[in-house]
Structure formats: structure tokens, C-alpha cells
Amino acid sequence: MQPKFASIQECPVGRAVETVGEWWSILILRDAFQGATKFDEFSQSLGIAPNILSRRLAHLTESGMFVRRRYNERPPRYEYVLTDKARDFFPVVATLLAWGNKHLAPKGEAILLANRHDRRPFNPVVVDAAGMQPITLTNAVIIAGPRASRVMRKRLTSLKAMNPAVAPAGD
């Protein structure tokens, strides 16, 4: 379903949600990051209805997150291989994992993200690549990019967070 408002279509968050925002899609990508490539592997891991899995895999393939590759001729069978675009989504899943462990695991973490070499648990944070400073709600602001439309520029200037006197709570 296409967003109805231009501000959503123009917004990178809106476009990202259109691509991967449906929760099955994120879980399919999570399993792909853990090595799943075949329909049966996704189906068994997720317990998802086959028709829903087929639709989600087709959508993720059409949106460039997977490349579908035949691995068996008779019967024809396909695997779903992550693209660079999908691999670039991994930090989002890592951050969701950390957020879930922090806020939704009252009895403790069931899984952790760890360094592949020494098994030391990671503590994911989003940082600015240039300055390596954490990006937080209090130090970040959304500004118009070079391709922003007049409507988007007007929307952004109307946001409370654009006013330096209005600081978001907490950090």
C-alpha cells in the first residue's frame, strides 16, 4: 500500500517502513542475517503461514533486499540471498535487539549480539561516522536535504524540534 501523503513518500523513514516495516519482513531479515536462505528454513523458524511468507519474500525481493537464486532444477527450488541493501539494514536489527534487551527483557536477555572473534557482547549505539559521537534525541535535528520539496521544507520548519529553544526530554 502506497502512503497517501507526499511528506511520507518523500521521507526516508516512510520509505524504509514501506520496505521493511511489516513485522514479518524484519523477522525474515533477522533469520537471513543468521544464515537462513531457503523458504523451508524461514517457514520452520518463524512458524509463518506459507502464503504470508511467499508474499513477504516476494516483496523483499522486489524491493531489492534479496536476490532469488535457483538452487535446484527439479523440482525448481530457490534461495533468497541478501543484497548489499539488506546487509546495510543489519545495524537496524542490531539496535532493535539491544533496545529489546534493555526494555523488554525483565528477567534478563535471552540472546546477545557478540563479537565473532572473542564472543564479547556488543552494546550497539548509533554514532556519527565523522566524529564517532553517539547520536541522541537531544543532539540531533532533522533538516532539509538538497532534494527536499517546498512542502517538505515547510513541514520541517514547523516542527517543534527545529526550534533550538525546545529541547526534547531525556537522553
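Predicted model: local features only at pLDDT ≥ 70, side-chain atom pairs only at ≥ 80, totals over all residues.
## Overall make-up

The protein chain contains 8 helices and 2 strands. Read from the N terminus, its elements follow the order α-α-α-α-α-β-β-α-α-α.

Of the 171 residues in the protein chain, 21% are buried. The accessible surface of the chain is about 12700 Å², and carbon and sulfur atoms account for 58% of that surface. Taking the contacts between residues at least 6 apart in sequence, 38% link residues at least 24 apart.

## Helices α3 and α5

Helix α3 covers residues 23–33 and helix α5 covers residues 50–62. Their axes come within 10 Å and cross at roughly 75°. An angle from 65 to 115 degrees counts as roughly perpendicular, and α3 and α5 are therefore roughly perpendicular to each other.

On the α3 side, the contact is made by Trp24, Ser25, Ile28 and Leu29. On the α5 side, Ile52, Leu53, Arg56, Leu57 and Leu60 take part. Sorted by class, the contact of α3 with α5 has 7 nonpolar residues, 1 polar residue and 1 charged residue.

## Helices α4 and α5

Helix α5 also packs with helix α4, which spans residues 39–46. The axes of α4 and α5 lie 11 Å apart, at an angle of about 125°. That angle makes α4 oblique to α5. The crossing of these two helices, α4 and α5, is right-handed.

From α4, the residues in the contact are Phe39, Phe42 and Ser43. From α5, they are Pro50, Leu53, Ser54 and Leu57. By class, the contact of α4 with α5 has 5 nonpolar and 2 polar residues, with no charged residues.

Leu53 and Leu57 of α5 are listed in the contact with α3, and Leu53 and Leu57 are also listed in the contact with α4.

## Arg68 in strand β1

Strand β1 runs over residues 66–72 and includes Arg68. The relative accessible area of Arg68 is 44%, so this residue is partly exposed.

Setting aside neighbours within four places in sequence, Arg68 is in contact with Thr61, Tyr78, Glu79 and Tyr80. Arg68 and Leu82 are separated by 14 residues in sequence, and the distance between them is 9.1 Å from C-alpha to C-alpha.

Key. Residues numbered from 1 in each chain as written. Heavy atoms only, no water. Axes fitted to C-alpha atoms, helices over the stretch in contact; angles between N-to-C directions. Helix = DSSP H or I, 4+ residues; strand = E, 2+ residues; numbered from the N terminus. Parallel < 35°, antiparallel > 145°, perpendicular 65-115°, else oblique. Contact = heavy atoms within 4.5 Å. Nonpolar A, V, L, I, M, F, W, Y, C, P; charged D, E, K, R; others polar. Buried < 20%, exposed > 50% of the residue type's maximum accessible area, 1.4 Å probe, protein only. Areas by Shrake-Rupley, 256 points an atom, 1.4 Å probe, with all protein chains shown as cover. Left-handed = near helix turned anticlockwise from the far one by under 90°.
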